Amino acid sequence: RILSSAKSSVLIDLAARVTKGAEMPDGTPGVSGGVLLLLAEESIRKPVPLRLEAAGAALTRTAVMRPHLSLPDNTNLLQDAAHDIGAQLVVVDPVMAFLTSNANREQPVRQAMSELKEFAERSNIAIIMVRHLNKGGGKHSLYRGVGSIGLIAATRSGFLVGHSLDDP
């Protein structure tokens, strides 16, 4: 079981697997390529390269973009950076830090997600976006994410990472 405090570790592990073309956690064959990281909450200079190296990543196949990139306004910069390293995976953590539009309104969010989707499909690149939970709680996990419901509605699949109530 994955603890929510280990979210970054899961992403680093997936990134390392892609840079090496290693098998995925579920046993499916991996895809070899570069990884582009858009990280707003991690220090770029020390922890990320050290954590990637500890996970066995091919550091020459990874790149970290500065957090001042805004989406969808700078999708062309994202595309160029992904192309430059032969990216097969782009990680956006957290997505709210990179959205230009009002992330609480559904229509602008769906427009931003539409551009990212088109880029991903055109480039055959997987994009993982991290979305934090709101503090208010709620009955259904679908509505616990910060920002518009359009963020999860525009994705192919969503995962909730957290503590297991059955196994503390």
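**Close-up views of a predicted model**

Lysine 117 is partly exposed, with a relative accessible area of 45%. This value, like the others in these legends, comes from a predicted model.

**View 1. Lysine 117 and glutamate 121 form a salt bridge.** The N to O distance between the two side chains is 3.9 Å. That pair falls within the 4 Å cut-off, so the contact counts as a salt bridge. Both residues belong to helix α4, which covers residues 106-123. They sit 4 residues apart, about one turn of the helix. Glutamate 121 is partly exposed, at 47% relative accessibility. Side chains of opposite charge can pair when their charged atoms come close.

**View 2. Aspartate 13 pairs with arginine 17 in a salt bridge.** The closest N and O atoms are 2.7 Å apart. Helix α1, residues 7-20, holds both partners. Aspartate 13 and arginine 17 are 4 residues apart there, so about one helical turn separates them. Aspartate 13 is partly exposed, with a relative accessible area of 26%. The model's salt bridge count comes to 2.

**View 3. Helix α3 packs with helix α4.** Two packed helices are described by the angle between their axes and the distance between the axes. Helix α3 spans residues 75-84. The angle between α3 and α4 is about 25°, and their axes are 11 Å apart. Angles under 35 degrees count as roughly parallel, so α3 is roughly parallel to α4. The crossing of these two helices is right-handed.

**View 4. Residues at the contact of α3 with α4.** Helix α3 contributes Thr75, Leu78, Gln79 and Ala82. From α4 come Glu115, Leu116, Phe119 and Arg122. Sorted by class, the contact has 4 nonpolar, 2 polar and 2 charged residues.

**View 5. The chain around these sites has 5 helices and 4 strands.** Along the sequence, the elements follow the pattern α-β-α-β-α-β-α-β-α. The protein chain has 168 residues, and 33% of them count as buried. Take the contacts between residues at least 6 apart in sequence: 65% of these join residues at least 24 apart.

Technical notes: Residues are numbered from 1 along each chain as its sequence is written. This is a predicted model: local features need pLDDT of at least 70, side-chain atom pairs count only at pLDDT 80 or more; totals for chains, interfaces and linings use all residues. Side-chain values use heavy atoms; hydrogens and water are left out. Buried means under 20% relative accessible area, exposed over 50%, partly exposed in between (1.4 Å probe, protein chains only). Axes are lines fitted to C-alpha atoms, for helices over the stretch in contact, and angles run from 0 to 180 degrees between N-to-C directions. Angles under 35 degrees count as roughly parallel, over 145 as roughly antiparallel, 65 to 115 as roughly perpendicular and the rest as oblique. A crossing is left-handed if the near helix is turned anticlockwise from the far one by less than a right angle, and right-handed if clockwise. Contact means heavy atoms within 4.5 Å. Ala, Val, Leu, Ile, Met, Phe, Trp, Tyr, Cys and Pro count as nonpolar, Asp, Glu, Lys and Arg as charged, and the others, Gly among them, as polar.
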